[in-house]
Structures are given as structure tokens and as C-alpha cells.
Amino acid sequence: MSRISKHNYYLDIAQTVAERGTCMRRLFGAIIVKDDVIVSTGYNGAPRGRKNCNELMDCIRDRLNIPRGERYEMCRSVHAEANAIIAAARERMLGSTLYMVCVSPKTGEILGGTNSCMMCKRQIINAGISTVIVRDTKEDYRIINVSDWVENDDSLSGQFGY
């Protein structure tokens, strides 16, 4: 029996966290890890006390046909990465790794090729997180150096989406 890799171990946990998400489009789970200890977790959903889209059975972004990666001010949810950052102490995030998984709320399948939106990228940079690892399949993932987001500033391109 082969042992699961450390990255896939943490990605499995992030995938379980995603199951708490309340978005009707995509469920995201994120965990922040430093020194082999989970610092915090987050999933996407409406702010505390507000009704979630899955409770309202309505997604305004779907209703208005807004493409993925655009017009997040129209979304009721706080993103998984942002919720994980909100729940963590800054000193524990410095030099940490954020693991992220996206799954379909309809099928539970992993949705590969996702990335953090521009707003979450800015929060990850300012939190001092050094690496983001995103699951693409059950076994495959991408390792992103956050310093690349600083050097290759996508906010200057005028292109939206992810």
C-alpha cells in the first residue's frame, strides 16, 4: 500500500471543506498550512447571518448570465480563500501554503483548471502566503509561487476571468 503524498493529504481536507460551501455554481474549499499544521479553513458562502444562495435557490450571477471570473461584487459569497485568511492570525500565514479545491455542487466532481480571482490573489499576497496549491484531478495539482502573482501583475492587463 502506498502512502498518500502530503500535498494530496491537504488537498483531500480542502475538498472536504468545500462540501460546506453554499454556492450553486461552484464549491471551493481552502486550507492554510504552516509548519505541517492547519492554520485555518474556509469555504465559499454568504457572510454570517445572511441567507445563502442555496437557501434562496437563486444565483443572481446565473440569472444575469455573468461569466465566471467577472463581476464578483454581484455575488453573495465570501470566497473560500478570503474566509480562510479572515480566520487566521497574520503571523501564522507568513510563509504558509494555501491548498484549494473546487468541486461541482451538482456532481461533486473536481473542477480542474481553477485559480484564485484577482481579489483573492491580492488578499493572499497581503496575507504573506507564499505558495498556493490547486487540485486539478484527484492526483494532480498545480503549485503556484505567490511571488509570480506579484511579478506578473494581472490587474494591469485589463483582462478578466481566471
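Keep in mind that the model is predicted. Good places to start are helix 1, which covers residues 6–18, and strand 1, where eight of eight residues are buried.

**Helix 1 and its buried side**

- Helix 1 is made of 13 residues, and from its first C-alpha to its last it reaches 19 Å, close to the 18 Å expected at 1.5 Å a residue.
- Its buried residues are Asn-8, Tyr-10, Leu-11, Ala-14, Gln-15, Val-17 and Ala-18.
- These residues lie on the same side of helix 1, because they cover an arc of only 165° around the axis.
- What do the buried residues of helix 1 pack against? Their partners are five strands: strand 1 (27–34), strand 2 (37–43), strand 3 (97–103), strand 4 (131–135) and strand 5 (141–145).

**Strand 1 and its two partners**

- Strand 1 is covered on both faces. One side holds the buried residues Leu-27, Gly-29, Ile-31 and Val-33, while Phe-28, Ala-30, Ile-32 and Lys-34 are buried on the other.
- Strand 1 and strand 3 run antiparallel and are joined by seven bridges. In this pairing, you can find Gly-29 opposite Val-101 of strand 3.
- Strand 1 also runs antiparallel to strand 2, with six bridges between them. Here Ala-30 stands opposite Gly-42 of strand 2.
- Strand 1 and strand 2 form a hairpin with two residues between the strands, and in this hairpin Asp-35 takes a positive phi near 55°.

- As a general background, nonpolar side chains in soluble globular proteins tend to be buried together.

**Ile-124 and helix 6**

- Helix 6 has these buried residues: Met-118, Cys-120, Lys-121, Ile-124 and Ala-127.
- They pack against helix 4, helix 5 (90–93), strand 3, strand 4 and helix 7.
- Leaving aside neighbours within four places in sequence, Ile-124 is in contact with Glu-81, Ile-85, Leu-98, Ser-116, Ile-129, Val-132, Val-146 and Trp-149.
- Just after helix 6 comes Gly-128, which takes a positive phi of about 85°.

**Tyr-99 in strand 3**

- Tyr-99 sits in strand 3. Is Tyr-99 buried or exposed? Tyr-99 counts as buried because its relative accessible area is 4%, and the cut-off for buried is under 20%.
- Not counting residues up to four places away in sequence, Tyr-99 touches His-7, Tyr-10, Leu-11, Ala-14, Gly-29, Ala-30, Ile-31, Val-33 and Ile-133.
- With His-7, Tyr-99 also makes a side-chain polar contact of 3.0 Å.

- Strand 4 and strand 5 pair in the antiparallel sense over five bridges, and the bridge partner of Thr-131 is Asn-145 in strand 5.
- The two strands form a hairpin with five residues between them. Asp-136 has its place in the loop between strand 4 and strand 5.
- The side chain of Asp-136 reaches the backbone nitrogen of Gly-113 at 2.7 Å.
- A polar contact of 2.8 Å also joins the side chains of Asp-136 and Arg-142.

**Thr-22, between helix 1 and strand 1**

- Thr-22 is found in the loop between helix 1 and strand 1. Thr-22 counts as buried because its relative accessibility is 11%.
- Leaving aside neighbours within four places in sequence, the contacts of Thr-22 are Leu-27, Asn-44, Gly-45, Ala-46, Asn-52, Cys-53 and Asn-54.

Key
Residues are numbered from 1 along each chain as its sequence is written. This is a predicted model: local features need pLDDT of at least 70, side-chain atom pairs count only at pLDDT 80 or more; totals for chains, interfaces and linings use all residues. Side-chain values use heavy atoms; hydrogens and water are left out. Helices (H or I, at least four residues) and strands (E, at least two) are DSSP runs, numbered from the N terminus. The expected span of a helix is 1.5 Å times one less than its number of residues. Buried means under 20% relative accessible area, exposed over 50%, partly exposed in between (1.4 Å probe, protein chains only). The arc is that of the directions from the helix axis to the C-beta atoms. Contact means heavy atoms within 4.5 Å. Two strands pair if DSSP finds at least two bridges between them. A polar contact is a pair of N or O atoms within 3.5 Å; within protein, one must be able to donate a hydrogen and the other to accept it, and residues adjacent in sequence count only if both atoms are side-chain atoms.
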